[in-house]
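Trainee: Could we go through a protein model together, feature by feature, with the general idea placed before each case?

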Amino acid sequence: MPLPNATYRLQFRNGMDFEKAVGLIPHLVGLGISHLYASPIFSAVSGSTHGYDIVDFNEIDHTLGGRDGFARLLGALKANGLGIILDIVPNHMAANLENSWWHSVVEWGQSSEFAGYFDVDWRQPLTLPFLGASFEEELAAGKIRLAFDRARNCLAFAYYDALYPLNPASYLAALENCSPALDRLVAVASRAEASDAAGFHAEITSLAKAPSVAAALDEHLQRVSTDKPFLERLHEMQSWRLTSWKTARDKLSYRRFFEIAGLVGLRVEDPAVFEATHRCVLGLVQAGLVDGLRVDHIDGLADPENYLLRLRERAGAHAYIIVEKILEASEALPESWPVDGTTGYEFISALADLLTDESSELWSDGHRSATDMVVTECKLQVLSHNFNTEVKRLTGLAACLRDDDAPSTDDERMAEAVRRLIAAMPVYRTYLSGRGASERDRQILGEIGSEAGAAAPEVAAEIAMIVARLKSNDGCSDRQLAAQFRTRFQQLSGAVMAKAVEDTFFYRRGDFLAANEVGAAADWTPGGVDRFHEKMRERASRSPTGLSATSTHDTKRGEDARARLHVISEAPELWAAAVARWRDMNRVHHQQGADAPGASVEQFLYQSLLGAWPIEPLSDPKDLAFLQERMSNFAVKALREAKLRTSWDSPNEQYEAAATGFLHDILDRRNREFLDDFEKTTAPFIRAGLINSLLQTLVKLTAPGIPDIYQGSERLDLSLVDPDNRRPFSTRPSLAELPRQPTISDFEDCKQGLIRLCLTYRHAGGAELLAKGGYLPLDVHGPASRHAAAFMRRAQDGLSVTVVPRLVFRHVDGDSLSLTAGLWQDTYLLWPEDRAPKRLQNLATGETVEIRRSIPMGELFGSFPVAFLFSE
């Protein structure tokens, strides 16, 4: 199948399954979508709302419809000319007993055939941090007992619904002084071998069916479960230890996904593990049933390049492969990676240059240095707290890498060196491997070594030693140990960047939420139209087949919410005055003596509220109550992510209640003074935001890259961060024609209709042009030149022109989606001299445009707010 024309990201679960997806196909066809882009479909933990907690890579989740349901979906897609791209998760699995591989590791320890599948440090017992308190406390409270797991046919420690299997080597102790009826069970366990786990369980199953054995076993387990010292001794015999969930931050024997102990790292760098985890999905690709793969969290892998080379070899040259990769401002996707591009977060960052007023007073001279300081503090905080267990592991490895004649050091000094180096990382990670270090990575290591050494001169020697070992194995007596340190260092740095910036700093900074987005640099400042063009030229030459995203399941807010928040940069003084006024109005709703929610949080909440505010006035009390609920849930998540006065592992429920109570009170329908003022003040921001939304929609559809539509965002997407953005959505058919002189109430039809028209054009005559055509910025001259941007896509057999307005806060004409008539006076689009004038057609209006050297801008925006011109 050819490259995608456009993808439609569909989140399975939360009410969406294969049968319902089949029902969406006519809608996708009508939009012009070429590929369904599916979230993980493989068997996940029961009740999973996202599917990234996989328990079986080789089984399609029965809750979605299983293999038969998936086959029906594939058949329906193919019958309608659509393909499918699957999201795969090679970095981790669920550390859950529903996962048979994990269950085997818990039961048999290092002897399990799957022990090497997971990234576990077997020099210590396997830690299972899933208790509400310590093992001793939960045991004393009577919450832990000995039981027989009839589903898995093994003895287990029972904790609520979880059954942690005992190692068969401990059965003799567990059944000490048991009834003679259990002698055969003891005998079976005494000769049990992990290599014949299936045989062992089969024998246990057969024995347990006998009524006399079952009754004796139940009686014995019930009796010994009251013997707390006995259970403690039995617990010590296992190859694992049950601990409080809070211990994961300080002591954990396995690599996890970020800071989620319920997701255990996989060792897909091992060819056997790769085969076992990719058997099903590669079978689907090789059979021609699946057209492409989206690789989740590529930076979490030990060796991303080697993994992708293997994946490409097995999937074939024609499979479409993209990676979830956060690229910093000056970072490019490694050229050696055999992929078609990324999932498109960098495209969102490029759009921010177009949507934000670069002359705004929001960006002071000290903005960058102040931001860098706070971000470093956030990194050091998560390193010392959230990722303390990973730092300890790295510290132990680093201590073993010291030269014999190096000065002695203690663990804390080495830990500080590790923390300082990772805190100084300007990108998610380097890509060091046994193949050596690239020039790019050597430069990064040199820079972070200098920065870390300057910030912590007391551990400069340790920093220098670590940098030297990262750059080269030369001089290291234990190359395997050095490789392990290098791998873990790189796997940790990306997780720290994500948690410190996206999930800490972005929830603390409330002055301009539009910039707080996945993939955005913390110290970002807008570069305007010129920098946007620069990024698009680079994208056309280096990554024309990557996705162009505006909303995803991970973005902090929906694309239309973000589009209106960008408007604040055009009128920061008006917004600041409004916030001050609202604070005075709502002071009475602050909890006395608690300083809740606090000035900075209150500012954060007002901007968040602007992003989520509906287009139409809130007249129905049910709609207001629904907004109250959404905002309250969002506020708790935001406050915990900020990690200032509350957090996920140490929630301050009193403070959270005060903050959500404040939200509830200010959004009460009786609080008319505020509600009326908020609605009146935000109306022009919302109107300008809708123009921004159409701008970013058209640019996404016509700029270099493959457009990606997130479920439901073809209409109005004012969602907050997940789980709000996973809510069910409904579809509507597109209008046959776009509204002429549209008003605010026409926005959703305009947006969806624009998508349909552009994707239809891409699918037909414009496929080659927009997929592979060059990118040429076009000049706009005149008094309103800063209020527009334009570019040409050109190929040998055709061209197209995209023209969009920008920075229109003071120029929207009432409740229409048009701009004031006088804005474009004496402002022109200049046609390039090397291109002969010709006739083009305006896709939105159907009108013919006569091209000459200077084209009046008012002519292009006559009856629709954005323009796409193409060769007739």
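Trainee: How many residues does helix H14 have, and what distance does it reach from its first C-alpha to its last?

Mentor: Helices (H or I, at least four residues) and strands (E, at least two) are DSSP runs numbered from the N terminus, and the expected span of a helix is 1.5 Å times one less than its number of residues. Helix H14, residues 388–400, has 13 residues and reaches 19 Å, close to the 18 Å expected. Bear in mind that this is a predicted model, in which local features need pLDDT of at least 70 and side-chain atom pairs count only at pLDDT 80 or more, whereas totals for chains, interfaces and linings use all residues. Residues are numbered from 1 along each chain as its sequence is written, and side-chain values use heavy atoms, with hydrogens and water left out.

Trainee: Which residues of H14 are buried, and what covers them?

Mentor: Buried means under 20% relative accessible area, exposed over 50%, and partly exposed in between, with a 1.4 Å probe and protein chains only; contact means heavy atoms within 4.5 Å. In H14, the buried residues are Asn388, Thr389, Glu390, Val391, Arg393, Leu394, Thr395, Leu397 and Ala398. Their cover includes strand E12 (256–257) and the helices H13 (367–384), H15 (411–423), H17 (460–471) and H18 (479–508).

Trainee: How does H24 read by the helix rule, and where is Asn671 found?

Mentor: The 14 residues of H24 should span 20 Å at 1.5 Å a residue, and its end C-alpha atoms are 20 Å apart, which agrees. Among its buried residues are Tyr655, Phe662, Leu663 and Ile666, and the cover of the buried residues of H24 includes helices H21 (572–586), H22 (599–612), H23 (621–642) and H25. Asn671 is found in the loop between H24 (653–666) and H25, where it counts as buried at 13% relative accessibility. Leaving aside neighbours within four places in sequence, Asn671 is in contact with Asn586, His589, Asp665 and Ile666.

Trainee: What does Ser433 touch, not counting residues up to four places away in sequence?

Mentor: Ser433, in the loop between H15 and helix H16 (439–455), touches Asp303 and Arg486 on that count. Ser433 and Asp303 are 130 residues apart in sequence, yet 6.9 Å apart in space, C-alpha to C-alpha. Ser433 is buried, with a relative accessible area of 11%.

Trainee: Which residues touch the most other members of the largest nonpolar core?

Mentor: A nonpolar core is a set of buried Ala, Val, Leu, Ile, Met, Phe, Trp, Tyr and Cys residues joined through side-chain atoms within 4.5 Å. Of the 236 residues in the largest one, Phe70 and Leu86 touch the most other members. Helix H25 (residues 672–702) gives the most to this core, with 13 residues. Apart from this core lies another, of 56 residues, including Val418 and Leu445.

Trainee: How many disulfides does the count come to?

Mentor: A disulfide is a covalent bond between the sulfur atoms of two cysteines, taken here as a pair of cysteine sulfur atoms within 2.5 Å. By this rule the count is zero. Cys154 is in no disulfide, and the nearest cysteine sulfur, that of Cys178, is 17 Å away; Cys154 is buried, with a relative accessible area of 0%.

Trainee: What share of the 872 residues in the protein do buried residues make up?

Mentor: Buried residues make up 61% of the 872, in a protein with 28 helices and 27 strands.
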